[in-house]
Amino acid sequence: MGSESENLYARWRARSCAENFLRDDNFPTERLLQAIWQHQRLQRGELKADDGRCVRIFHPGFASLEGGPDFRGAVLQIGEDSPRSGDVEIDLRATGWRSHGHDRNPDFKNVLLHAVWEADGQKTGAGHPPILRLQNALDAPLTELSLSLEKESLRSLPEKLRGKCSAPLRDLEETGRTELLGQAARVRFENKAAQFRARARTAGWEQTLWENLFRALGYKHNVWPMQNLAETKARFSRGANSAFEIQCRMLGIGGLLPDELTGAEKSSNAYLRRAWDFWWRERDEFSDSILPRAVWKFHGLRPSNHPQRRLALASHWLAAGDSTAKIEKWILAEVPDKKLLPSLHEILQVKRDDYWSWHWTFKSARLPRPQPLLGAARVTDLAVNVILPWLWVRAREGGNEEIEREVERRYYSWPVAEDNSILKLARQRLLGTSNAKVLKTVVAQQGLMQIVRDFCEHSDAICGNCRFPELAEKFAGCKF
């Protein structure tokens with residue numbers, strides 16, 4: 001083997017790494033600064049904010065995957081204050097706080113610390129959190145850090161930052177872990193069913209189904225505007241002669257019809273002219289139900305998930321008039337495990353929409369080929385979060401044990417769902433792996449999300465006062 005000075009690969013790697021992570025030998029990229037923070041490559045016992053207060057980092061937080069501050073859920077102590085849980089923003093320069101608009105963005109209201117490379121004269125106060133300069137606080141030269149951290153993904157959680165339950169869960173045999181996640185998933189399923197039962201007492205079973213289908217179409221960002229729309233379903237469905245007329249009413253009531261034409265896309269302008277021609281004659285009738293556009297959140301949504309397109313899907317369900325009957329018929333049919341997803345997809349998929357099958361949003365160009373309004377991933381979400389719990393609680397309330405057991409069979413047999421940011425972080429924090437294949441069924445995924453809700457969301461990043469590690473140890477001692 002050649003000496004280090006002769007190692008062409010090492011020299012080439014160092015040069016490439018410098019190009020990727022360093023602007024020059026003394027100035028990092030923001031990506032490298034984030035990696036330094038996540039792995040805490042700092043002189044941790046000597047950290048001081050620009051106002052002179054000591055900074056203790058009990059946990060750096062978790063890299064944000066959905067915008068907002070760079071790290072969520074950090075646990076810090078600044079000066080003589082008690083340790084607190086909050087967010088950390090990473091910037092190259094302190095002036096980035098205002099130039100990037102963080103001082104005006106409500107998503108940054110919980111930032112406890114602004115970690116920067118250069119303070120460039122910026123002072124704290126007046127809406128600016130304490131500043132921690134990292135330039136002179138590194139535990140190694142910048143070029144060395146760029147080499148050691150180049151392969152470290154912000155999506156991969158260092159082992160020392162994992163939860164206290166990670167070790168006992170790792171010691172669990174697969175049968176024990178499957179049982180634990182299955183029990184947690186059962187709690188999640190029954191909690192949803194209980195909510196449906198409570199709502200059905202006042203709204204009826206069918207209205208409860210529609211409200212929760214709408215909520216599921218809204219994702220976590222737009223649950224409540226969708227709920228508001230669903231509550232007026234009886235009004236906007238009455239007298240409608242087509243899916244298009246239902247669309248117009250829902251878009252109008254939702255405040256989602258643009259006031260002006262797009263100015264670029266002919267097919268969009270033609271659709272909007274037709275929609276406004278219908279809606280302006282009915283707007284006064286629904287004036288007491290119109291939602292302000294500000295209640296909707298569009299940031300971070302995939303184009304295919306925008307609420308206008310999801311409402312178009314719902315309009316076809318409502319116009320068909322037999323969606324509930326089809327779902328009830330589906331649970332009575334014999335469906336093998338491999339056909340569960342495609343059989344429900346066939347029921348919920350709708351015919352091609354003249355406009356929305358060809359557009360993601362009002363502003364997007366016409367697509368080269370039509371796209372379905374409903375994909376398999378969304379069918380799974382609707383199945384496990386709405387349709388199966390709704391069918392199960394109806395069967396239980398009606399004393400139909402046969403259907404109740406069939407719903408449970410389908411739930412526990414349902415194939416794995418699409419990955420998401422909650423699962424990604426939970427797998428690393430609790431199971432010590434970023435490999436999505438460790439969760440083989442939707443029940444395992446649902447169970448993990450229930451554990452996050454029951455325990456992780458009520459603790460902090462250092463698992464303060466969390467009882468779940470104790471439960472995990474008990475499961476490790478059981479035989480299944």
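Leu439 lies in the loop between α17 and α18 (442-454) of this predicted model; helices (H or I, at least four residues) and strands (E, at least two) are DSSP runs, numbered from the N terminus. With a relative accessible area of 4%, Leu439 is buried, a term that means under 20% relative accessible area, with exposed over 50% and partly exposed in between (1.4 Å probe, protein chains only). Leaving aside neighbours within four places in sequence, Leu439 is in contact with Leu181, Val416, Leu423, Arg427, Leu431, Ala444, Gln445 and Leu448, where contact means heavy atoms within 4.5 Å. The C-alpha atoms of Leu439 and Val223 are separated by 27 Å, and the two residues are 216 apart along the chain.

Residues are numbered from 1 along each chain as its sequence is written. Because the model is predicted, local features need pLDDT of at least 70 and side-chain atom pairs count only at pLDDT 80 or more, while totals for chains, interfaces and linings use all residues; side-chain values use heavy atoms, with hydrogens and water left out.

Helix α17 covers residues 421-431, and its buried residues are Leu423, Ala426, Arg427, Gln428, Arg429, Leu430 and Leu431. Among these, Leu423, Arg427 and Leu431 are in contact with Leu439. At the start of α17, a side-chain oxygen of Asn420 comes to within 3.1 Å of the backbone nitrogen of Ile422. Gly432 follows α17 and has a positive phi, near 70°.

Leu157 is found in the loop between α4 (142-148) and α5 (166-171). Its relative accessible area is 5%, so Leu157 is buried. The C-alpha atoms of Leu157 and Gln428 are separated by 6.0 Å, although the residues are 271 apart along the chain.

Asp87 lies in strand β6 (residues 84-93). Asp87 counts as buried because its relative accessibility is 6%. The side chains of Asp87 and Arg72 are joined by a polar contact of 3.4 Å; such a contact is a pair of N or O atoms within 3.5 Å, and within protein one must be able to donate a hydrogen and the other to accept it, while residues adjacent in sequence count only if both atoms are side-chain atoms. A polar atom of the Asp87 side chain also lies 3.4 Å from the backbone nitrogen of Gly73. Not counting residues up to four places away in sequence, Asp87 touches Pro69, Phe71, Arg72, Gly73, Asp107, Asn110, Val111, Leu112 and Leu113.

Zero disulfides are found in a search of the whole structure, a disulfide being a pair of cysteine sulfur atoms within 2.5 Å. The cysteine sulfur closest to that of Cys456 is in Cys165, 6.0 Å away, and is therefore too far for a bond. Cys463 is likewise in no disulfide, as the nearest cysteine sulfur, that of Cys466, is 5.8 Å away. Cys456 counts as buried at 16% relative accessibility, and Cys463 is buried with a relative accessible area of 9%.

Overall, the protein has 19 helices and eight strands, and its C-alpha atoms fill a box of roughly 75 × 65 × 50 Å, taken along the principal axes. Of the 480 residues, 48% are buried. Among contacts with a separation of 6 or more, 65% are between residues 24 or more positions apart.
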